[in-house]
There are 4 protein chains.
Amino acid sequence: MNRRRFLSVVPAGLLAAAMGSDITPREAQAAAEQTPNAQPIPVTNDERIAELIAANHILADLGVLDGFGHVSVRSATNSKHYFMARSVASAAVAQADILEFDEDSKPVDARSHELYGERFIHGEIYRLRPDVQSVVHSHTAAVLPFGLTEVPLKALIHTAFFLGTEPAPVFDMRKAVGPENHMLVVDTTSGAALARILGDRSVVLMRGHGMAVAAPSIRDAVFRAIYTRENAEVEMEALKLGNPVFMSQFEVTRFDRATRQWNEWVAEAEARRSGR
Amino acid sequence: MNRRRFLSVVPAGLLAAAMGSDITPREAQAAAEQTPNAQPIPVTNDERIAELIAANHILADLGVLDGFGHVSVRSATNSKHYFMARSVASAAVAQADILEFDEDSKPVDARSHELYGERFIHGEIYRLRPDVQSVVHSHTAAVLPFGLTEVPLKALIHTAFFLGTEPAPVFDMRKAVGPENHMLVVDTTSGAALARILGDRSVVLMRGHGMAVAAPSIRDAVFRAIYTRENAEVEMEALKLGNPVFMSQFEVTRFDRATRQWNEWVAEAEARRSGR
Amino acid sequence: MNRRRFLSVVPAGLLAAAMGSDITPREAQAAAEQTPNAQPIPVTNDERIAELIAANHILADLGVLDGFGHVSVRSATNSKHYFMARSVASAAVAQADILEFDEDSKPVDARSHELYGERFIHGEIYRLRPDVQSVVHSHTAAVLPFGLTEVPLKALIHTAFFLGTEPAPVFDMRKAVGPENHMLVVDTTSGAALARILGDRSVVLMRGHGMAVAAPSIRDAVFRAIYTRENAEVEMEALKLGNPVFMSQFEVTRFDRATRQWNEWVAEAEARRSGR
Amino acid sequence: MNRRRFLSVVPAGLLAAAMGSDITPREAQAAAEQTPNAQPIPVTNDERIAELIAANHILADLGVLDGFGHVSVRSATNSKHYFMARSVASAAVAQADILEFDEDSKPVDARSHELYGERFIHGEIYRLRPDVQSVVHSHTAAVLPFGLTEVPLKALIHTAFFLGTEPAPVFDMRKAVGPENHMLVVDTTSGAALARILGDRSVVLMRGHGMAVAAPSIRDAVFRAIYTRENAEVEMEALKLGNPVFMSQFEVTRFDRATRQWNEWVAEAEARRSGR
């Protein structure tokens, strides 16, 4: 991969940071604010957890997460750790459900809770990608056909610019772990294999399973998960009509600050919950 | 069919049980708990009926059952009998609607209620499949194209592993009962024909009509009905893009305890009803 | 058309009646009750109007009618007249909105209300088809592709048996009325042309516009409108997979009393309205 | 373009007006009322803003606008100015969010609000098309495939007559502004390029982005945005079945006063908001 494409999918200001592994959350935040594409990430864990809860609700309400998916955020005080809910439906995640996990995806204090079996998706992406501050794993049906066939998922609609001009990588556990696999990323080995396939990209498809989305902030992770689905839906229909015009190398680097959606999505999620 | 595939679709611990027909609910429960795939089934009829009511609401709310479908559970105290609602919309099923049926699908006490005409689907599957504790019959539109054409429905997404690697069998009443049929399974003869086509599988498609789903627990029956639809939807789109990679012989035997979804689905169904 | 197919789509007991034009509502009711397929129709106008209001709500709530469609019922006391709402959204139709129309689709007393421009669809079908007691006209998107192309819409799913084994007829105003038409059935001439294309069938597609559904009762009209859409949706997907097995001559004559759905649909429509 | 087609897409009474640029809102209103297709537009700014707020809610509720789209109306008192919300989600737009913009899309008084970056779509269409009183810009997924491929979007369903018989024009910023573009219409130059591609038509597709809809009233803009989506959905499915019969030159000039929908849509939007 040449440097130019790297620039097109990773915020430029995080390039240096991405080279080392000791980036602090504050440095990540500073880098994100310098770059055109990234949205801000809170500097305290309390704020990060509040956004994480909102992200769970938004992604569940919009149908990106079903009962099986999850979203996480890197810790602001220990960049090797991350926060994620205990094993619970995303739509119902509350403050008390959030646990801290270490670099091997072991809970710091599980408080007797059952855990998401596939938390290693998150832990291993954080280990390999210091620029990543938030990860989503989902079973979103619209992206599945692209992980099951040779048809590439690429940036077609301008809100999915982060998909870039190269096909989204596909993680097939049968190839990465061997034919006698469990289809699930339930240990550090398979998690690391997935993270390597993701590489420096935003989205990795998981054959017959779903996808993992990596982003420099919680807001971007939510945005990317939503618009990856939208790109997949539009690409599927466009392919049936003919050869669609994909975005160009230049177009995928465009500016797109999507703060407006975040505030709207949070407001809608809260309205639904207060109405209950 | 060789023994290997049998293992891949029927919980291994139920193999011996499946050979005889006198398995008790307690033995079925024990077997289910030993097997990796099966979810628990309550040991008392009160608890089974409570889960059955929840299953009706969940499947109606998620659109798997429309006005015509139904779900049943084997009796915990008389393994030849089963419980199912009187003829009523699934979304509205309550305790007072549940009736007990004998091995010939005759109501023990109909209490003047109208009955589902197609209850023989349930009765005859219970007769032929002692390992089955719960059955769903639905008109789910997404599976219909696979019952109407030569295109096989097979396990493509990991949550539908129970579909196995062989095409889901198709029950065409025109072949099973003759050209002058009623399209409906309204007697023991057509029910038995359907059960034979189902064989030892989880799902049988019904041409121009819908499907029947068999499972070792109510929770699994609900799970399987939902993810059969999801598999059908994804397969339909993947087929339009190319040749999808179906799950392998090994992958369909994977572990997948889906208790989390059950609790979530029950909570959502209750929330919707209390909000009424 | 031979007599056999006629029998398959029109309730047999109405055959004689269909030959003359002076059938009374009571005779139609008696005939409907003798036939296997037809649901009952109330014998008083008050009851018919109550069902008509419910039908408006059901079809609007299920998305079969959008702002443009309408449903009507023949008068119980004057078989040349029919009842239909004034020009208003179906979802909001109330008792006070119902008007009586004569055999030329003129309002008996318009009470200064604006009228549906396309009421002639109803009036002319009632004139030509004495067996028909209720008519639905809708813009349902799923049926449109079948009216726009050469691909025939035929009975594929068992709940749409009334579509029969022959392609649903297509009304193309360009052919029926001439190239300089208004695309709309806004007079008796174009209404009569549409009724002739419908002939003795249940459903006529309208090119680029929608469909008209004719039935021996309000309940059947609602049922047929809903399951014509379902059949169209399933047929569209099945055609993409291969050559689907359509229903046979015998199968389309099957018994299917769908009273259960009616009661459920009414209950749901009322629940939504009382919740407002 | 010959005069005949022009007549088919622009209300005839506005023809003379469209020639000059000094049409007053009252003249536009008068012209609209004389023409068969156009719906009325209020003559005072207070009424226009009330309709604009309703339009925001309707288009958001029906899913035509997501977080990114917007709708505007020309000022009744200064035909070079227009009203549009500040940068806020359409579903939540209220009186206090409405700002006035001048002919260069600069806010008359921004009141420190953030603005929609793509307001130049609106401003430049108003500049080039004096007959246009309202503009919608949306990311509606269903129309995207037609902007991404060579397949033309044309009037297929009678409620989308305004699309006309010629392919909807496609604005590809890569061609209009050059390969190093931002995919967004964020200045008068790109806005003017878009308006030129729109020409005298109702709808312009934006490659990989969405569409812009121009209309002689707010009600028509809402109607056109909704039925452009419907036409796209039906055309997509019809194309998969065969060669659909598109509307003829004569048919697209037909009368279709859609006031009924407007009142219904407003009532529904208000009901949803009062229920909150």
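Predicted model: local features only at pLDDT ≥ 70, side-chain atom pairs only at ≥ 80, totals over all residues.
The side chains of D:R207 and A:E251 form a salt bridge, with a distance of 2.8 Å from N to O, and the count between chain D and chain A is 3 salt bridges. Across that interface there are also 6 residue pairs in polar contact, with both residues at pLDDT 80 or more. On the chain D side, helix 6, which covers 144-148, and helix 9, which covers 218-241, each supply at least two of the residues that touch chain A. If we sort the residues on this side of chain D by class, we find 15 nonpolar, 8 polar and 6 charged. In total, 29 residues of chain D are in contact with 28 residues of chain A, and the area buried between the two chains is about 2400 Å², of which carbon and sulfur atoms give 62%.

Let me turn to the interface of chain B and chain A, where the contact takes 28 residues from chain B and 29 residues from chain A. These two chains bury about 2400 Å² between them, with 62% of that on carbon and sulfur atoms. Which helices of chain B supply at least two residues each to the side that touches chain A? They are helix 9, at 218-241, and helix 10, at 259-274, and it is helix 9 of chain B that gives the most, with 8 residues. By class, this side of chain B has 14 nonpolar, 6 polar and 8 charged residues.

Just after helix 8 of chain B comes B:G199, which takes a positive phi of about 60°.

Now to the sheet, which I will show in chain C, where 7 strands form an open sheet in the order 3-2-1-4-7-6-5, with mixed pairing. Strand 3 and strand 5 of chain C stand at the edges and each has a single partner strand, so one side of each is left without a neighbour in the sheet. Strand 1 and strand 4 of chain C run antiparallel and are joined by 4 bridges, and within this pairing C:V71 stands opposite C:V136.

Finally, let us follow one strand in chain D, strand 2, residues 82-85. In a regular strand the side chains alternate between the two faces of the sheet. Here both faces are covered, with D:Y82 and D:M84 buried on one side and D:F83 and D:A85 buried on the other. Strand 2 of chain D runs antiparallel to strand 1, with 3 bridges between them, and there D:M84 is the bridge partner of D:S72. Strand 2 of chain D also runs antiparallel to strand 3, joined by 4 bridges, and in that pairing D:F83 has D:E100 as its bridge partner.

Conventions
Residues numbered from 1 in each chain as written. Chains lettered and ligands numbered in written order. Heavy atoms only, no water. Contact = heavy atoms within 4.5 Å. Buried area = accessible area lost by both parts, 1.4 Å probe. Nonpolar A, V, L, I, M, F, W, Y, C, P; charged D, E, K, R; others polar. Buried < 20%, exposed > 50% of the residue type's maximum accessible area, 1.4 Å probe, protein only. Pairing = 2+ DSSP bridges. Salt bridge = Lys/Arg side-chain N within 4 Å of Asp/Glu carboxyl O. Polar contact = N/O pair within 3.5 Å; in protein donor to acceptor, adjacent residues only side chain to side chain.
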